[in-house]
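Have the sequence and the structure open as you read.

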Amino acid sequence: MKTLFLYFVVFTVLLINNVTYGVGAGSFNGVQAGKPVKPVSNKNPIITHRYSADPGVMVYNGRVYVYATNDGDVANRNVGDNTYEQINTINCMSSDDLVNWTDHGPIKAAGQGGAAKWAKNSWAPHAAHKTINGKEKFFLYFANSGAGIGVLVSDSPTGPFTDPIGKALVTPQTPNCSSVTWLFDPAVLVDSDGTGYLYFGGGVPQGQNSNPKTIRVVKLGPDMTSLAGNPQTIDAPWVFEDSGINKVGNTYVYSYCTNWANGPYGNARIAYMTSNSPMGPFQYQGTCFNNPGDFFQTTGNNHHTIIEFKDKYYIFYHTEWLNKQVLGSQKGYRTTHVNEMPMNGNKFGNAKGTLTGVTQVKDVDGFAVNPAANMAWQYGISVNGQGAVVPVNYNRGAWTGVSNVALGGATSITLKASSKSGATIKICTESENGQALGYVDIPAGGSLQNVSGTLSGATGTKNLFFVSSGDATIESWQLGGGSGSGGNTGGNTDGNAGGNAGGNAGGNTGGNTG
């Protein structure tokens, strides 16, 4: 009787403080799951809690890594126009299925708090990997505004990154660079023989709309952090900015954004040229992607990367669609999308921008340890920190959704989670308001711990949603029981973006450049 009395006292206190947990479905009395800007029917933009512009994309070890100019958090709505002057961090996201994206948090690249303290800004990043002295190294190139190109290096695609040379790699004093209007927008290719090439530049000198001659290519040294020769000019017709580079078979494909001078190739479209050499000369072939304004009614600057992944080509680009939905008008905050790039032999077709996005290339193994920061949809969450695995913060009615999870008849789920005041997580399918499979109670306290709950009806492959009744932090989740594969799926956190994310959650079950 005394125990029952204490239960009712605690339950009443929780109700008074508007935080209910520990009673399953009853924890959600009065809790409404928030309505997302990006519905479950859409895959674009790839993430919606943070603006991510100028996507530079690298394929490594079966994952796609997107590095992007950090235009800021979507939750910050009291903002004016984006001036870009404040940007000194680089967003990092990865996926092995092109629909669920793991947020690895912003990389501190420039400024006093960043790796490259000599630089003020970090715009338009692009990454590459290369084996040097038997060890895989990762190189992140970025623009210091329009004043030069910097490079950071890491032993992991998610960092931490350091500055290997303590200065810019390319400046106006670099040979054949003093006449380049904007020394920015790097793109990098590591050829089949291990040689690296850097492409950069942009801008239109007065009276040179048709042939600005402001793009450069330079061979990199074996260390990828030095130049092996002088930059050469790529005479890209009607160029504005935004270098891209691919090798398709034995053909080198240089792509770029055209300028706004009403030339024959259209305003701010992605055009491309081909060559049998990475240094050129390149021959113009056509355009392959219109301005995003043609698809989303949000005309603005155009920035892209094209990659090959699992025998298909994809184009990553940014738009102000999310910016307009959230802020009511275009204020310069851009977000990354991805769509398929059709191919005609070794030439690009004409890609179309859509909100529907791409087809998921593989299901999520629910019996692996999955990072909570790997998601397709969300409402009301935040992701703080930077690294291979970063926890997700939820508040009352906040949620995340994961696309196409193989449920395998699971009978339980374990979260690595914490909550200061206590919270319950509802596990449901298909949408944030879908069928509840079960509940996980997170006790009050500030430390991450493994907490489990039972599931019923977890069959087939379905979208899986995590809805919170109150303030909570989740690092990882893992299904149990049923016909799951089990086993230790931890492995290398950078190879599978958090395979060991749970830190043994639920027991021990847990290159190609763009």
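Where pLDDT is low, the predicted coordinates should not be read in detail. For the protein, the mean pLDDT is 91, with 89% of its residues at 70 or more. Residues 1-20 have a pLDDT below 50, and this stretch has 15 contacts beyond near neighbours in sequence.

A word on conventions: this is a predicted model, where local features need pLDDT of at least 70, side-chain atom pairs count only at pLDDT 80 or more, and totals for chains, interfaces and linings use all residues. Numbering starts from 1 along each chain as its sequence is written, and side-chain values use heavy atoms, leaving out hydrogens and water.

Now turn to the largest nonpolar core, which has 33 residues. Such a core is a set of buried (under 20% relative accessible area, 1.4 Å probe, protein chains only) Ala, Val, Leu, Ile, Met, Phe, Trp, Tyr and Cys residues joined through side-chain atoms within 4.5 Å. Ile 413, Leu 415, Phe 466 and Trp 477 touch the most other members. Beyond four places in sequence, Phe 466 touches residues including Tyr 394, Trp 399, Ile 413, Leu 415 and Trp 477. A second, separate core of 26 residues includes Phe 28, Val 57, Val 66 and Tyr 314.

Technical notes. pLDDT = per-residue confidence, 0-100. Contact = heavy atoms within 4.5 Å. Buried < 20%, exposed > 50% of the residue type's maximum accessible area, 1.4 Å probe, protein only.
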